[in-house]
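Student: I would like to learn how to read the features of a protein model. Could we go through one together?

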Amino acid sequence: MQAFPMICIGLLLASCGGEKQPKSTVSAIESSEKTRTEWQKARKPVEIHIEDMEGTTPAWPRLGVYMDVSTGLPEERQAFAGTMFTRKGNVYVSENRHALTSDTMATISVCYPFRNGLGTNDTLRLTAPFTENLYGVETNRRNGSAIRPTFRLQSSMALLRIACESDDLRDRLDWLTITGERIYTQGDYLPYVGKWIEEKADGSIREHTGCLLNNGRNHDFYLIPTGAASSVTIGAEINGKLHAVRTTLPPLAPGSLVHLSLHKKKEGLAINGSWVETERPLVGVASKTRVDSVCIGYYLQSDGTIREKKDTLSIAVVVKTDGRHGKAVALADCEGYYVFSGKETRSGRTFATIDGKRKEGILNPAEGIKADEAVIYKPGMPYPEDCALGYADGAGLTQRLLDAQADTSEEPSTPYGRRSMLGEARRHPGSYVPSLAEMAWLYYRTGCDKDFRRRVHLALPEGEYLTSSESGERTSYRIDFTCGIVTGQLSKRYAKGKLRLFYLF
């Protein structure tokens, strides 16, 4: 094909003399045109298939593709020289109209993320913090209306995943760092080959987290692989105070996962467990909500992150936020009914009345209710904090109850197999049982605030719900969302109710 342009030029020059061309020349021109037409018909687009991708959500929106096209026009070779292929359905295709070739046996290489204009022998200098880097191994090729190679993507990174827990559900993790003699912070990388060279360890790798310690989020460090075990120091700033713990990591192979569980107790930070996967599942890139941009109506995910749109991993909806942290309400009730506690668990904080006058009443009732049964409530009303409708720190009450159980070695079991609200809260990282004031706030917003209902979408509570507010040593407050009735004289151990958890984030 490379000789074709020269043939055309020679024929063109020969035709410029103004004389009638010999039959042999005309025949050559016709043959050349026929050859060019057949060559154009033989050119095909390239469609990249990735194994195990069918039916999944877009994991990697773009791939880099380099194709060693040994024949063809210059624009054809340029169209495959480290160019971008975009996912369309279950394949990746190029939007370049010149990305056509008749060379069905050409060597094709793919990488993620897309690296503009790089070839298989080109290197990049990458520095920490690193992200996932993938390269493709071709496993199959089909030729039809398009050239369809299939690739298995492989990671060139090792992954260290740190999960954190704390005895206090209000503890906030500001950042994590990892330092070690083989924790490389920079290196030269061949993206289409997945190979690292000239690695250097210079300093630490840091992740700014700004999340609750107990919200269930995994903190991932993508690391340059190592061939030997190494000692590392993990640093964590919690509530503004620095903690550190040392451990030894095994050799970090490409595509492997090392999982560490950290637990913060009163005496400090400790490693609570670990395991290794020699080959981890590849996880696609998901967009995350930008820091300081969280809005009311966004969704808290089961992994502790925030998303603007609801999906199958959404567990709660944001109802209060400063743009970064706040509160969210579970999208639905916990299944079944619960009691306050298995024993007479006490937080040490009781609220003698709803409004300073009574333990029971109806919030904002319609006409026909006696004055001594009515309780007027609106968010922002100046109820004092020693009043059940004025204390809106359910997370603090829940923590005090959990601490009381730990101090008395009380088991979370309940009489006659009844389930405890505290046991259920333990099952959901970052969750707590709301106070009466928080539930009254939700009752008002869902019933009287049209703007709130427009922005916040959840299954509206119906029936009687538990709260973490206690009215006495053996009794606690609950609220009926159907009628707005507040009750403060039911047994902690035996009276059952529904449970709608709140979350801190």
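Student: Is Asp355 buried or partly exposed?

Tutor: This is a predicted model, and every value here is computed from it. Asp355 is partly exposed, because its relative accessible area is 22% and buried means under 20%.

Student: Which residue forms a salt bridge with Asp355?

Tutor: The general idea is that side chains of opposite charge can pair when their charged atoms come close. Here Asp355 forms a salt bridge with Arg358, and the closest N and O atoms are 3.0 Å apart. Arg358 is buried, with a relative accessible area of 18%.

Student: How many salt bridges does a search of the whole structure find?

Tutor: The search finds 17. One of them joins the side chains of Arg161 and Asp220, at 2.8 Å from N to O. That pair links distant parts of the chain: Arg161 is in strand S11 (residues 158-166) and Asp220 is in strand S16 (residues 218-223), 59 residues apart. Arg161 is buried at 19% relative accessible area, whereas Asp220 is partly exposed at 28%.

Student: What is the N to O distance between the side chains of Arg170 and Asp168?

Tutor: Their salt bridge has an N to O distance of 3.1 Å. Arg170 is partly exposed, with a relative accessible area of 36%, and Asp168 also counts as partly exposed, at 22%. Salt bridges can also form a network: Asp451, Arg454 and Arg455 are linked in this way.

Student: Now the nonpolar core. Which residues in the largest core touch the most other members?

Tutor: In soluble globular proteins, nonpolar side chains tend to be buried together. In this model the largest nonpolar core has 59 residues, and Leu363, Tyr377, Leu389, Met421 and Ile479 touch the most other members. Helix H6 (residues 436-448) gives the largest share of this core, seven residues.

Student: Leaving aside its neighbours within four places in sequence, which residues is Leu389 in contact with?

Tutor: With those neighbours left out, the contacts of Leu389 are Ile354, Leu363, Val375, Tyr377, Tyr383, Leu436, Ala437 and Ala440. There is also a second, separate core of 33 residues, which includes Leu126, Leu173, Ile183 and Phe221.

Student: How should I read a sheet? In what order do the five strands of the open sheet come?

Tutor: Strands of a sheet pair through backbone hydrogen bonds, either parallel or antiparallel. The order here is S26-S25-S30-S29-S28, and the pairing is mixed. At the edges are strand S26 (374-375) and strand S28 (464-470), each of which pairs on one side only.

Student: How many bridges join strand S25 to S26?

Tutor: Two bridges join strand S25 (residues 361-363) to S26, and these strands run parallel.

Student: Where does H6 lie?

Tutor: H6 lies across S25, S28, strand S29 (475-480) and strand S30 (485-491). The helix runs at about 5 degrees to S29.

Student: Let us turn to the backbone. Which peptide bond is cis at Pro113?

Tutor: The bond from Tyr112 to Pro113 is cis, with omega near 0 degrees. Pro113 sits in the loop between strand S7 (107-112) and strand S8 (124-127). The peptide bond from Ala128 to Pro129 is cis too, again with omega near 0 degrees. Pro129 belongs to the loop between S8 and strand S9 (134-143).

Student: Is phi of Asn239 positive or negative?

Tutor: Phi of Asn239 is positive, near 55 degrees, in a residue other than glycine. Asn239 is in the loop between strand S17 (230-238) and strand S18 (241-249), and counts as partly exposed at 46% relative accessibility. Asn364 has a positive phi of about 45 degrees and is not a glycine either. Asn364 lies in the loop between S25 and S26 and is partly exposed at 29% relative accessibility.

Student: One last feature. How many disulfides does a search of the whole structure find?

Tutor: A disulfide is a covalent bond between the sulfur atoms of two cysteines. The search finds zero. Take Cys164: the nearest cysteine sulfur, that of Cys211, is 7.5 Å away, while the cut-off for a disulfide is within 2.5 Å. Cys164 counts as buried, at 9% relative accessibility. Cys387 is buried as well, with a relative accessible area of 3%.

Technical notes: Residues numbered from 1 in each chain as written. Predicted model: local features only at pLDDT ≥ 70, side-chain atom pairs only at ≥ 80, totals over all residues. Heavy atoms only, no water. Core = buried A, V, L, I, M, F, W, Y, C linked by side-chain atoms within 4.5 Å. Buried < 20%, exposed > 50% of the residue type's maximum accessible area, 1.4 Å probe, protein only. Helix = DSSP H or I, 4+ residues; strand = E, 2+ residues; numbered from the N terminus. Contact = heavy atoms within 4.5 Å. Salt bridge = Lys/Arg side-chain N within 4 Å of Asp/Glu carboxyl O. Pairing = 2+ DSSP bridges. Axes fitted to C-alpha atoms, helices over the stretch in contact; angles between N-to-C directions.
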